[in-house]
Amino acid sequence: MADTSTNLPSSPSKTASPRPSRKSDPTPPPPPRHKKTPQPPPQPAPYATQDPNKIVLKAVYLFNSASQNRPVASLVSGMGGVTDGLVLRITTEGLFIDDDVASFSHREWDVKAWTIRLFEIFCPRYAPPPRPASDSKSNPMRKMFGQEKPQQRTEEEMDAIIESFGRVCRTQCAVVGKTSGQHMLRASVRDAEGRRYVFITEEEEAWKLAGSVQRIRKGSQARQLVVEGMGTAEASLIMTKLRSV
């Protein structure tokens, strides 16, 4: 008897399909944003001028007879509201201090030409000639008490001092790469207070000093103005006093 059972097709095997993971792969964080640091504004270049009538100063100090070791007043470049544009003008009328950057004139520092009795100029590279000896016929008592005044130089001798000072500063101090140090001009005034003005400038400005001093000396308002070279010992003593301020 024939087998009448029907051969049913076998059901395909059930393959377990992967279930989606409840935890999805984490999304990588965005790259950090680097904030641009603002660039500081460019610093202005130090004040400078090639004007021969403007001597850029580091400082000016005022001494008098009552305060010979400590200045009674001062203007210092870059300090106390003074900019680096502090300049000295020496004309036939006198000495004048201005602040070129601030466009301000320090008129309280004006010195009239006819009041100046002595200019002393100092350059580290310049060796001034010795000062004239006193008259041998002078009063011995004045010499004993230090009241003796040296003989005054002739006009030719003062011309030679200014010319030699200027030549050294033009050919050596103003040369790039050579360092000679700060220069000084001291102006002594004929008055009851015994005022003395000390002007300090860098070597790059020193070439302007000689022409300016000669200009005021040859002007019509100067009265018996004497010009002397200042020695290293005297200049060092002054700078020591200023460093202690």
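Student: Hi! What kind of model is this, and how are residues numbered?
Tutor: It is a predicted model, where local features need pLDDT of at least 70 and side-chain atom pairs count only at pLDDT 80 or more, while totals for chains, interfaces and linings use all residues. Residues are numbered from 1 along each chain as its sequence is written, and side-chain values use heavy atoms, with hydrogens and water left out.

Student: Okay, how many salt bridges does the structure hold?
Tutor: There are 15 salt bridges. The term means a side-chain nitrogen of Lys or Arg within 4 Å of a carboxyl oxygen of Asp or Glu.

Student: Which residue does Arg186 meet in a salt bridge?
Tutor: Its partner is Glu120, at 2.8 Å from N to O. Arg186 belongs to strand E9 (residues 183-189) and Glu120 to strand E8 (residues 116-122), so the pair ties together parts that are 66 residues apart in sequence. Helices (H or I, at least four residues) and strands (E, at least two) are DSSP runs, numbered from the N terminus.

Student: Are Arg186 and Glu120 buried or exposed?
Tutor: Both are buried. Buried means under 20% relative accessible area, exposed means over 50%, and partly exposed is in between (1.4 Å probe, protein chains only).

Student: And what does Arg153 pair with?
Tutor: Arg153 forms a salt bridge with Glu228, and their closest N and O atoms are 2.8 Å apart. Arg153 sits in the loop between helix H1 (140-144) and helix H2 (155-173), and Glu228 in strand E11 (residues 226-229), so this pair ties together parts that are 75 residues apart in sequence. Arg153 and Glu228 are buried.

Student: Which residues do shared partners join into one network?
Tutor: The network of salt bridges consists of Glu120, Arg131, Arg153, Arg186, Glu228 and Glu234.

Student: Back to E8. How many of its residues are buried?
Tutor: Six of the seven are buried, so E8 is largely enclosed by the rest of the structure.

Student: Which way does E8 pair with E9, parallel or antiparallel?
Tutor: E8 and E9 pair in the antiparallel sense, over six bridges. Pairing here requires that DSSP finds at least two bridges between the strands. Phe122 stands opposite Met184 in E9.

Student: What about E8 and E11, parallel or antiparallel?
Tutor: Those two run parallel and are joined by four bridges. Leu118 has Val226 in E11 as its bridge partner.

Student: New topic: how do the axes of H2 and H3 cross?
Tutor: They come within 7 Å and cross at roughly 155 degrees. Axes are lines fitted to C-alpha atoms, for helices over the stretch in contact, and angles run from 0 to 180 degrees between N-to-C directions. H2 and H3 are therefore roughly antiparallel to each other, a label for angles over 145 degrees, with under 35 roughly parallel, 65 to 115 roughly perpendicular and the rest oblique.

Student: Which residues meet there?
Tutor: Among them are Ile162, Phe165 and Cys169 in H2, and Trp207, Leu209 and Val213 in H3. Contact means heavy atoms within 4.5 Å.

Student: Last one: what is phi like at Ser103?
Tutor: Ser103 is not a glycine, yet it has a positive phi of about 55 degrees. Ser103 lies in the loop between strand E5 (94-99) and strand E6 (104-105), and counts as exposed at 69% relative accessibility.

Student: And phi of Gln224?
Tutor: That phi is positive too, near 50 degrees. Gln224 is in the loop between helix H3 (207-218) and E11, and is exposed, with a relative accessible area of 66%.
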